[in-house]
Amino acid sequence: MVTFVTYGSLPIVIVPLMVWVGMLVLRGGFWRADQRLEFTPTVQAFKDWPEVICVIPARNEALTISKTVMSLMDQTYPGNFSIIVVDDNSEDGTSIILNAIARRPRFLHVVSGKPIEQGWSGKLWAVHQGLEKARNVAPEASYVLLTDADITHDKDSLLRLVIKARSGNLNLVSLMARLRADSFWEKLLIPPFIFFFQKLYPFSWVNDPKRATAAAAGGCMLVRRSALDSIGGVEPIRKRLIDDCQLAQLLKKKGPIWLGLTNQVVSQRSYDNLHEIWNMVARTAFEQIGNSFIALIGTVFAMFTIYLLPPIVTFSFLLGGPLELVVGGLISWVLMIVAFQPTLSFYRFSLAWSLLLPVSAFLYTLMTISSAIRCMRGRGGAWKGRHYMT
């Protein structure tokens with residue numbers, strides 16, 4: 001006879017069932033993955049187009065920087081547009097590639113980054129230097145495009161971003177770049193990563209000026225320059241590893257922001273094995289929950305209850321589990337599949353992958369625990385040869 005854990009007389013399976021119903025109904029429809037920026041822009045949208053300056057921090061990006069810069073050089077944007085790339089003390093030939101590209105266009109400027117100052121994260125130190133350079137290169141620019149050195153943009157990307165920003169009078173327009181999902185591990189873990197991010201920060205709530213929820217995706221952020229200056233640039237968040245969401249929080253206090261998905265802005269970053277994805281997540285996961293071990297315990301419990309318990313209980317019939325528990329677990333699992341389907345559809349994956357979401361959730365839980373252990377050992381957020389105490 002199998003005995004199942006209960007909360008008093010209430011079977012534990014009721015908890016994930018109630019949570020999934022609540023998330024589907026009450027959490028801003030995050031699971032629909034319907035906040036997107038993919039319209040076909042037109043140069044006739046405005047009579048005058050604001051000047052834009054792009055800042056790209058680059059450290060050891062020899063494999064991707066050329067495609068990123070070339071995609072930005074090929075923009076159809078009719079207004080003045082300049083690009084600043086800050087070579088953040090790269091050790092892999094990034095500077096050689098940048099210098100070769102910079103010989104051609106006058107609107108591309110390469111800055112050799114200074115050694116990182118204490119109290120700054122590497123990326124934000126590079127962005128800070130890029131913003132300082134921008135004051136000389138484009139003092140009249142109305143917007144700053146902050147994008148990563150592994151992101152490629154379709155030719156209408158900037159046009160689309162500016163139209164969205166000006167039409168909505170937005171302080172920030174950010175796009176979650178389409179992440180690469182080709183290898184087995186990418187297929188298993190990347191769509192869930194997007195799903196979890198949308199659940200944590202429902203995009204419709206982020207885009208609602210009446211709500212305090214704020215978030216952004218650092219790979220692509222068009223920022224109103226006056227709003228950025230009003231918060232002191234990136235200096236207030238100089239120590240942060242999850243800098244995009246922190247920046248979004250500050251900017252939303254000054255006015256509305258917008259965050260969405262897109263197929264036109266694409267990450268070149270590949271994760272061919274579990275180790276690479278594990279490091280990517282573990283470097284910031286503990287900071288994401290506030291560096292709190294109490295929050296860590298709560299996160300582990302929640303992930304187990306919401307994602308792992310439904311399939312466990314569903315298969316309990318093999319051990320003679322009560323029918324009501326099996327049915328409850330199955331309903332919860334079906335709701336999980338329903339919620340995950342739009343994100344899978346965005347990545348053009350079959351429904352079959354949704355059956356593995358509990359496995360993905362289990363791995364992400366282990367990554368979060370690993371992130372906390374790294375912090376305890378003083379290894380913090382390791383990234384590109386640097387270590388930060390989170």
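Strand 4, residues 81-87, pairs with strand 5 in the parallel sense, over 5 bridges. Keep in mind that this is a predicted model.

In what order do the 8 strands of the open sheet run? The order is 5-4-3-6-9-8-10-7, and the pairing is mixed. Strand 5, residues 108-112, and strand 7, residues 151-153, stand at the edges. Each of these has a single partner strand, so one side of each has no neighbour in the sheet. On average, neighbouring strands of this sheet are turned by 30° against each other, with direction ignored. As a reminder, strands of a sheet pair through backbone hydrogen bonds, either parallel or antiparallel.

Next, strand 9, residues 220-224. Which strands pair with strand 9 in the antiparallel sense? One is strand 6, residues 143-147, which pairs antiparallel with strand 9 over 5 bridges. Here Val144 has Val223 in strand 9 as its bridge partner. Another is strand 8, residues 172-178, joined to strand 9 by 3 bridges and also running antiparallel to it. In that pairing, Val173 stands opposite Leu222 of strand 9.

Is strand 9 enclosed or open? Of its 5 residues, 5 are buried, so strand 9 is largely enclosed by the rest of the structure. Both of its faces are covered. Cys220, Leu222 and Arg224 are buried on one side, and Met221 and Val223 are buried on the other.

Over to strand 3, residues 52-58, where we find Ile53. Why does Ile53 count as buried? Its relative accessibility is 0%, and buried means under 20%, so Ile53 qualifies. Leaving out residues up to four places away in sequence, Ile53 touches a list of residues that includes Ser82, Ile83, Ile84, Val144, Leu145 and Arg225.

Helix 2, residues 65-73, lies across strands 3, 4, 5, 6 and 7, and runs at about 25° to strand 7. Helix 5, residues 157-168, lies across several strands, among them strand 8, strand 9 and strand 10. Helix 5 runs at about 45° to strand 9.

Helix 9, residues 243-252, is mostly covered, with 7 of its 10 residues buried. The buried ones are Asp243, Asp244, Cys245, Leu247, Ala248, Leu251 and Lys252.

Last, a pair of helices. At what angle do helix 12, residues 293-314, and helix 13, residues 323-346, pack? The angle is about 135°, and the axes are 7 Å apart. An angle over 145° would count as roughly antiparallel, and 65 to 115 as roughly perpendicular, so these two helices are oblique to each other. Their crossing is left-handed. On the helix 12 side, the residues in contact are Ile306, Tyr307, Pro310, Pro311, Val313 and Thr314. They meet Leu325, Val326, Gly329, Leu330, Ser332, Trp333 and Met336 in helix 13. The residues of this contact divide into 10 nonpolar, 3 polar and no charged.

Note on methods. Residues are numbered from 1 along each chain as its sequence is written. This is a predicted model: local features need pLDDT of at least 70, side-chain atom pairs count only at pLDDT 80 or more; totals for chains, interfaces and linings use all residues. Side-chain values use heavy atoms; hydrogens and water are left out. Axes are lines fitted to C-alpha atoms, for helices over the stretch in contact, and angles run from 0 to 180 degrees between N-to-C directions. Helices (H or I, at least four residues) and strands (E, at least two) are DSSP runs, numbered from the N terminus. Angles under 35 degrees count as roughly parallel, over 145 as roughly antiparallel, 65 to 115 as roughly perpendicular and the rest as oblique. A crossing is left-handed if the near helix is turned anticlockwise from the far one by less than a right angle, and right-handed if clockwise. Contact means heavy atoms within 4.5 Å. Ala, Val, Leu, Ile, Met, Phe, Trp, Tyr, Cys and Pro count as nonpolar, Asp, Glu, Lys and Arg as charged, and the others, Gly among them, as polar. Buried means under 20% relative accessible area, exposed over 50%, partly exposed in between (1.4 Å probe, protein chains only). Two strands pair if DSSP finds at least two bridges between them.
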